[in-house]
Amino acid sequence: MATFEIQGADGKTYEVDAPDEKTALSALGQAGASSGPDARAQAGIGLAQQMHALSPEQKRAIAGVDQETLQPNRVPAFAPPGYNALTDRIEGDDALSKMRTTSGGILEGIPILGPMIRGGVDRAAAATIAGASDETYDQVLKRIQAGTVAEKSMNPNLDKASQVTGAVAGTIPAMAAAPGAFGIGVASAPLRFGASALTGELINGTDAAIRSGGDPTATGIGAVTGAGLGVLAPAIGPLVGRGVKYVADGWNLGGAAKELGIDKVAAAMLSRAAGRDALDAGALGQMDKLGPGGMIMDLGENLRSQAGGLAALPGEGKAIVRGAVDARNAGANQRITSTIDQELGPAPIPSRINAGIDVNQANLSPEYRAAFANASPVNPRPIATYLDRELQTLRGEAQRGLQRVRTMLNRTGTQELESNPVTLLETRKAIDGMLETTVETNARNALQTARQAVDDELRASVPGIKEVDSKFAELARQREAVGRGQQVLSSGREAPRPAELAQEVQEGALPQGMQIGPSAVPMRLREGARAEIERIVGTNANDRVALQRLIKGEGDWNRSRLATLFGKDRADRIIGLLDREKHFADTTDIVTRNSLTAARQASQQELTGSGAEAFGVPQAFMAGGVAGATRATAMKGVDAVVEALRGIKDESTRTAMARILTSNNPDVLEALLRAGRGSGVSGSEVDKVARSLLLSQGQRSALPQQ
C-alpha cells in the first residue's frame with residue numbers, strides 16, 4: 001500500500017492510500033461520485049485534468065493496457081487464427097510457413113555465404129519493421145529469429161531439403177566456373193582425386209567455421225569430412241550420372257514405345273535408324289515437304305533399310321510395306337500430270353499451233369491483193385545491178401544463191417527484167433524459203449542483203465504492203481518461237497542460257513515493223529516449252545528418275561529457264577514435285593529390289609547351309625562399277641536389318657513397325673524422334689549434382705543438430 005497525492009477539481013491536494021496510482025485515481029473519482037452533483041462534476045473535471053498530465057505509460061497503466069499486446073484488459077487483440085504472439089507467426093498457415101522455411105533454408109544452405117545471407121535478410125527485415133512501429137530493432141530481430149526456429153521445428157524435413165538444395169545450387173556454379181578444382185575433366189587420377197579432396201576440405205572447413213562461430217573443433221571436423229567426401233565424389237559422381245541418364249532414357253524410350261504401339265526393343269531399333277539418318281526437329285518440315293504421299297521411311301537411308309528388311313521377311317509387315325509402296329507408285333503418273341496441268345495449264349500440240357499460224361498467214365492474201373491493186377510497176381534494175389556486181393566476187397554457196405535470185409528478177413524465158421510487183425513479192429518469198437535451209441554464214445548474209453533490197457523496192461512501189469508484211473512477220477516469229485520453246489529444256493548447245501532466254505522473252509514482246517501492241521512471241525515460247533514438258537512426261541512417266549533429270553537438269557539452268565517462262569513459284573513447285581517423285585522412286589528401289597535380293601540370299605543360305613557371302617561390295621564394284629558398289633552397299637544395309645529383325649519374334653511388333661515406317665502422321669514421327677532424342681538428361685550435369693550433394697553433407701557435419 002502506498003500514499004498518492006492527487007489534486008482534485010477544487011484545486012486542493014488530497015492524499016489517497018492505494019496499491020497503485022490507478023486505484024488512487026479511481027478512489028478519488030468514487031469519492032466525488034458519492035457527493036452531490038456539483039461535487040461529482042468538480043471531481044470528474046479534476047480527474048480529467050489529472051489524466052491529461054500523465055505520461056503515455058501512466059495512462060496505459062491506469063487504463064489496464066497490456067504492455068506487450070498494447071490492448072486494454074478484457075478487450076481481446078485481433079489476431080489471425082493460429083497467431084503466436086511470441087514468434088509473430090501464423091502457426092496454422094502451413095503454406096506460408098513452408099514457403100518461408102523453403103526460401104530461408106535455400107539461402108542458409110549456400111556454402112560459406114549462406115549464414116551471412118540469411119542473417120542479413122533477417123536484419124534488414126528487423127530494421128524495416130522497427131522503423132514503422134514502436135518496437136526496438138533488437139525486439140523485432142529476436143521475434144523474427146524466434147519465428148524462424150519455430151518454423152524449422154514445424155517443418156524439419158523441408159528445412160533440411162531446402163538447405164541441401166541451397167548447398168547444391170551454390171556449389172554447381174563454382175564447378176562450372178572452375179571444374180578442374182573439383183577434379184572434373186582432369187585426366188590424371190591422382191590429380192583428379194587430390195583436387196576434389198582439397199576443394200572439399202576448403203569448402204566444408206570454412207563453412208563449418210562460419211556456422212560454428214569459429215569453433216576449432218567444428219572447423220576441423222568439417223574440413224576432414226569435406227576432404228573425405230571430396231575423395232569419393234570423382235568416383236561416385238560419374239556413376240550416378242550414368243545411372244540416372246540410363247534410367248531416364250529408358251523411361252523416355254518406354255513412353256515413346258507405348259505411344260507407338262511397339263516394345264522397347266523395336267522402338268530402339270527405329271530410333272537408332274532415325275539417329276543414324278541425323279533426323280531432328282527439322283524432320284517434321286521434311287515430311288511436310290514430301291506432301292501427303294510421303295512416308296517416314298522416306299526420311300533417310302537407314303529408315304529405308306528398315307522398311308526393306310520388313311519387306312524381306314514373310315508376314316503382315318511385308319504386305320504393309322510393299323502395299324504402301326505399290327499404291328504410291330500406281331498414283332505417280334496421275335500426281336505428276338495433274339500437278340503440271342494445274343501449274344502450267346493443258347499442254348498444246350505444236351503441229352496444231354503451226355497449222356493455225358499457217359491458216360492465219362493464208363488469211364492475209366486478201367490484204368495483199370488489196371495492196372497490190374494500187375501498186376505501180378517496180379524497177380528491179382538497181383537490184384539486178386547490185387547482184388551482178390556481187391556475183392563477180394562471190395564464190396561457192398553464196399554465189400549460187402545470188403545467181404538464183406538474179407534469175408528470178410527476169411521475165412520467165414527472157415533476159416528482160418520483170419516490172420510486175422507481184423513477181424517481186426514472189427521473189428521475196430523464195431528468198432525467205434532459201435534462208436530457212438541455208439546454214440553457211442556467207443550465203444545467209446548475201447541472201448539477207450538481197451532480200452532487204454527487194455523489200456525496199458516493194459515498200460516504194462506498193463503502198464500499204466508493210467502493214468500486211470508486219471502481220472505476216474508476226475505470225476512467222478510466233479512459229480519460230482514455238483520451235484524455240486521446245487529447245488529451252490535441252491542440254492545441247494542449241495538451248496539458250498538462262499540470261500539469253502530472259503533477253504529473248506523481253507525482246508520478243510516488243511512489236512516489230514509497223515505492228516502495234518506487244519508480240520505473242522513470249523506466249524509461243526511458253527507453249528513450246530509446255531509441249532516439250534508434256535513430251536518428256538509422256539515418254540518417261542514410268543522412270544521418275546529420268547523424268548526429274550530431264551526436266552530439272554543437272555544444275556540450276558532449267559529451274560531458271562522455267563522461272564523465266566512460267567514464274568518462280570510455279571517453277572519451284574514443278575521442281576519440288578519432280579524431286580519428291582524421284583525420292584519416292586529411290587525408296588521403292590531400296591525397299592522392293594534390295595529386299596528381294598536379301599530374301600533370295602537368305603533362302604540360298606538356308607538351302608545350302610552356308611552363311612558366307614557369295615557376292616559382296618568388291619565383287620559388285622568389279623561387275624558394275626560405282627553404281628554396282630552403291631547398290632551392293634545398300635543391299636548389305638538391308639541384310640543387316642533383316643538379321644536384326646529376325647530377333648523380333650512377335651509378328652505384331654513387326655507389323656506395328658511397318659505401320660510406323662509407312663505412316664504420314666506427324667504425331668507418329670514426333671514420338672519416334674522423341675524416342676531417339678532420349679530423356680534430355682545430361683550425365684555430366686547429374687555428375688555435378690551428385691558431387692554437390694556429397695560435398696553438402698559435410699557442411700554442418702561438425703555442428704550440433706538443431
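Arg573 has a relative accessibility of 42% and therefore counts as partly exposed; buried means under 20% relative accessible area, exposed over 50%, and partly exposed in between, with a 1.4 Å probe and protein chains only. The model is a predicted one, in which local features need pLDDT of at least 70 and side-chain atom pairs count only at pLDDT 80 or more, while totals for chains, interfaces and linings use all residues. Residues are numbered from 1 along each chain as its sequence is written, and side-chain values use heavy atoms, with hydrogens and water left out.

The side chain of Arg573 meets that of Glu343 in a salt bridge, with 2.8 Å from N to O; the term stands for a side-chain nitrogen of Lys or Arg within 4 Å of a carboxyl oxygen of Asp or Glu. Glu343 belongs to helix 14 (residues 332–344) and Arg573 to helix 26 (residues 568–608), so the pair ties together parts that are 230 residues apart in sequence. Helices (H or I, at least four residues) and strands (E, at least two) are DSSP runs, numbered from the N terminus. Glu343 itself counts as buried, at 12% relative accessibility. In general, side chains of opposite charge can pair when their charged atoms come close.

A second pair is formed by Arg406 and Asp388, whose side chains meet in a salt bridge of 3.0 Å, N to O. This pair links distant parts of the chain, 18 residues apart: Arg406 sits in helix 18 (residues 396–408) and Asp388 in helix 17 (residues 381–391). Arg406 is buried, with a relative accessible area of 13%, whereas Asp388 is partly exposed at 33%. Salt bridges that share partners also join Arg428, Asp455, Lys466 and Asp469 into one network. In total, the count comes to 29 salt bridges.

Helix 9 (residues 216–260) contains Gly254, a partly exposed residue with a relative accessible area of 23%. The C-alpha atoms of Gly254 and Lys264 are separated by 5.8 Å, and these residues are ten apart along the chain.

Now for the protein as a whole. Its secondary structure comes to 30 helices and four strands, and 39% of its 706 residues count as buried. Among contacts (heavy atoms within 4.5 Å) with a separation of 6 or more, 69% are between residues 24 or more positions apart.
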